[in-house]
Amino acid sequence: MRAAVIEAVGGPFEIVDVRIDSPGPGEVLIDVRASGLCRSDLHVATTDAGFPMPAVLGHEVAGIVAAVGEDVADVAVGQHVVTSPIHSCGTCRACLTGRPYQCARSSATSRAQGTTPRLSLGGRPLTQFIGVGGFAEQVLVHATNVVAVPEEIPFDRAALLGCGVVTGAGAAVNTAGVRPGDTVAVLGCGGVGLNVIQGAALAGAERIIAVDLDPAKLELAQTFGATDTVDPAVGDSVAQVHELTRGGVTHAFEAIGLKQTSEQALAMLEIGGTAYLIGVHQPGRTIEVTPFGDLLGKQKGLRGVAMGSTNLKVDIPMYARLYLQGRFRLDELVSHRIGLGEIDRGYELLRAGGVARSVITDF
């Protein structure tokens with residue numbers, strides 16, 4: 001099959017023919033129909049984050065099941081499915097208590113060392129980023145990463161359910177447990193931030209403040225449910241949020257991955273509020289927190305969020321149904337549809353701003 005392979009950090013995506021194995025026990029082979037360009041893939045492509053190269057990146061996938069291995073019962077050949085980078089063994093304490101996103105044995109869904117790799121190029125094994133490797137004509141993944149979705153939902157929108165949607169909306173609905181009457185600030189209104197906004201709106205937040213330097217993103221944020229917008233270029237963003245809310249927000253979500261904005265999220269909180277860090281930070285970076293002034297004196301909370309605390313077998317079908325009911329936005333998230341050979345251009349568009357998601361639809 002054809003796949004976009006990156007040989008080294010900082011290198012280009014090269015379209016080559018790679019070997020994909022047949023599904024083994026517990027595995028699913030999927031013909032890819034859409035694959036989203038997430039900023040996490042760009043981070044791995046440009047930063048030495050410890051992922052072995054060469055690799056096939058991409059993890060937001062929608063497609064059709066082509067084949068299944070032994071012991072696969074959740075999905076069948078011909079079904080429309082979505083993949084998600086949430087790996088769960090199904091047997092550890094976290095999995096058994098409904099927290100697959102905190103699985104203690106997530107590596108159990110990978111093939112054992114010394115066995116035939118799922119993907120290879122010229123005899124060399126290829127790393128599947130987060131166990132998916134979605135920038136390709138097909139993916140071979142563990143069944144715990146796959147969930148069926150209604151055929152009525154277009155593939156380019158369904159793909160976004162696997163990461164951007166559940167990471168953002170899930171952070172508001174699951175992790176923060178936003179309630180009617182709460183106030184929310186969202187720093188960074190890209191694909192994830194926009195979903196935090198509509199997740200908070202779905203949960204009944206009274207006030208949702210979008211914070212971004214890009215006027216186009218702030219305008220789009222209002223479409224997704226933001227009640228107010230803050231542009232840091234026209235004044236201190238923390239002061240603006242405090243002025244709008246007369247004291248700070250209940251929840252602040254940082255969806256960029258920067259020290260400055262992470263510290264600002266904490267500063268935007270009211271007494272007893274919580275800041276949630278969603279954006280991917282550079283390895284080794286730190287942020288400054290004042291334990292007495294913030295965590296003790298003002299009773300603030302600071303929490304990291306992984307994949308929106310999502311149970312993908314429950315949450316992804318729910319968001320798909322809400323979309324089909326007209327109660328959840330996905331159409332506006334797809335900014336560009338591109339070909340497999342246009343990944344580098346897709347990420348140039350992302351860097352330039354004003355883009356929620358580019359989605360590969362031409363393989």
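Mentor: Let us begin with Q138 and D31, whose side chains are joined by a polar contact of 2.7 Å. Please keep in mind that this is a predicted model.

Trainee: Where is the place of Q138?

Mentor: Q138 is in strand β11, which covers residues 138-142.

Trainee: And is Q138 buried or exposed?

Mentor: Q138 is buried, because its relative accessible area is 17% and the cut-off for buried is under 20%.

Trainee: Leaving aside neighbours within four places in sequence, what is Q138 in contact with?

Mentor: With that exclusion, the contacts of Q138 are M1, I20, L29, I30, D31, V32 and G133. D31 in that list is also the partner in the polar contact.

Trainee: Changing topic, how many salt bridges does a search of the whole structure find?

Mentor: The search finds 16 salt bridges. One of them pairs the side chains of E7 and R124, with an N to O distance of 3.0 Å.

Trainee: Which parts does the pair of E7 and R124 tie together?

Mentor: E7 lies in the loop between β1 (2-6) and β2 (14-17), while R124 lies in strand β9 (residues 124-125), so the pair links parts that are 117 residues apart in sequence.

Trainee: How accessible are E7 and R124?

Mentor: E7 is partly exposed at 35% relative accessible area. R124 also counts as partly exposed, at 36% relative accessibility.

Trainee: What about R337, with which residue does it form a salt bridge?

Mentor: The partner of R337 is D156, and their closest N and O atoms are 2.6 Å apart. R337 belongs to strand β19 (residues 334-339) and D156 to helix α3 (residues 155-158), so this pair ties together parts that are 181 residues apart in sequence.

Trainee: Is D156 buried or exposed?

Mentor: D156 is buried, with a relative accessible area of 7%. R337, by contrast, counts as partly exposed at 47% relative accessibility.

Trainee: And R345, what does it pair with?

Mentor: R345 forms a salt bridge with E342, where the closest N and O atoms are 3.3 Å apart. R345 is partly exposed, with a relative accessible area of 38%, and E342 is partly exposed as well, at 32%.

Trainee: Which residues do salt bridges that share partners join into one network?

Mentor: That network consists of R19, D21, E27, R111 and R118, joined through salt bridges with shared partners.

Terms used: Residues numbered from 1 in each chain as written. Predicted model: local features only at pLDDT ≥ 70, side-chain atom pairs only at ≥ 80, totals over all residues. Heavy atoms only, no water. Helix = DSSP H or I, 4+ residues; strand = E, 2+ residues; numbered from the N terminus. Buried < 20%, exposed > 50% of the residue type's maximum accessible area, 1.4 Å probe, protein only. Polar contact = N/O pair within 3.5 Å; in protein donor to acceptor, adjacent residues only side chain to side chain. Contact = heavy atoms within 4.5 Å. Salt bridge = Lys/Arg side-chain N within 4 Å of Asp/Glu carboxyl O.
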